[in-house]
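Trainee: Hi, I'm new to this one. Could you walk me through it?
Mentor: Happy to, let's look at it together.

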Amino acid sequence: SHRHHAKEEVQIAHPIAHIFHIMFKSIAAQAIRKSARAASLSSSGLQQQVATRAFATAGFPPPRLFDYETVTSNLTVADAIESVEAAFKALAKGKVDVPMPMHIGIEESSVAGPGDCHIKGGYVSATPTFTVKLACVSFYKNVEKGLPPGSGIFIVVNAVTGAPLGVFQENRFMTDLRTGAAGAVAMKYCSSPEQDVVGFIGCGAIAKNMARAAATVRPIKGVAYAIDGAEEFAAEMSAELGVPFEVVSSAEELCGKSDIIYTQTPGASTVLEKDWLNPKGVTIIASGSDQPTKCEIPPDVLAASKYISDLTKQTSKVGELRSALKAGVMTEADVHAELGEVVNGDKVGREGNEII
């Protein structure tokens, strides 16, 4: 059916796309001309030069492909926690090059979207590989086609030669493992052993990994709230983890019961209020704000908290901190620490009944 409608569907709807279309046509034309020239060369020296150039660009073996089944059958969130904790330590010591994420917004039209693409990467100093990740999210129309709304790949690259070594077709599985592992590290270092009632606002795939990760830190009792899916989430996690789960009817009720709150929602609007929070002290671990249009935590909650970022230069642009800066209730100097500093012991985590 795609071939039948090809003439209707292949449209250049954006000036940038039009430029790339022209550029690629030009490159293709040049390649054809060069191939024709190479074929007609009579000089053995020139022929050898062309052959050498081709060999130089084709000298790397193809990267190994790890398909989704291989990835999902060999990795768990527990596997990721140690690696993520070590990465936060290295980050706080300035031994990681992690640039700002690249975001491509796919606006809804007759031929595309809606959806978002995030491209992220990083290199830990003195290690033999680096990684780049491409994640596609919020392609909600996929559900109508029986497809998941997100997909993604990790590319592991040789840091000596620059050649790609492996492509992991993880379709957000490794992404969600990493997010869950980061949530475990935050809980481990920013909450007290007595805080064992853990609330989950938003009960999708990331929440499941947050629950799995939280259960590796200490025994927990779970509380769940979501517009959709809370009952299924609670039943599945209770059966898998062997811990009790309660489903509540509002985010306010959840906040009143919880010592630790994980928020993992689409981030279109804030999900809790300061007056709802447990006065004995609460740790909020927010993961839903992954682009500048999103915000889960109100600015007044952030301003009243001991705010700990994963990476301040990033959260100030595309995370929760951005909204507090924009509202004028915080500056970057108000950030208590980055998580790696707490992991390393350079900054303190929980001290009393504060909001973290």
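Mentor: Two strands pair if DSSP finds at least two bridges between them; strands (E, at least two residues) are DSSP runs, numbered from the N terminus. This is a predicted model, where local features need pLDDT of at least 70, side-chain atom pairs count only at pLDDT 80 or more, and totals for chains, interfaces and linings use all residues. Residues are numbered from 1 along each chain as its sequence is written, and side-chain values use heavy atoms, with hydrogens and water left out.

Trainee: Okay, how many bridges pair E5 with E6?
Mentor: Eight, in the antiparallel sense, between E5 (residues 129–137) and E6 (residues 151–158). Lys-133, for instance, has Phe-154 of E6 as its bridge partner.

Trainee: And which way do E6 and E7 run?
Mentor: Antiparallel, with five bridges joining E6 to E7 (residues 164–169). Val-156 sits opposite Gly-166 in E7. Five residues lie between the strands of this hairpin, where Gly-162 takes a positive phi near 80°.

Trainee: Is Cys-255 buried or exposed?
Mentor: Buried, because its relative accessibility is 0%. Buried means under 20% relative accessible area, exposed over 50%, and partly exposed in between (1.4 Å probe, protein chains only). Cys-295 is buried as well, at 13%.

Trainee: What about rings, how many aromatic pairs turn up?
Mentor: Five in the whole structure, where rings of Phe, Tyr and Trp (its six-membered ring) pair if their centres lie within 6.5 Å. Ring pairs join Phe-200, Phe-233, Phe-245 and Tyr-262 in a cluster.

Technical notes: Phe/Tyr/Trp six-rings, centres within 6.5 Å; stacked < 30°, edge-to-face > 60°. Helix = DSSP H or I, 4+ residues; strand = E, 2+ residues; numbered from the N terminus.
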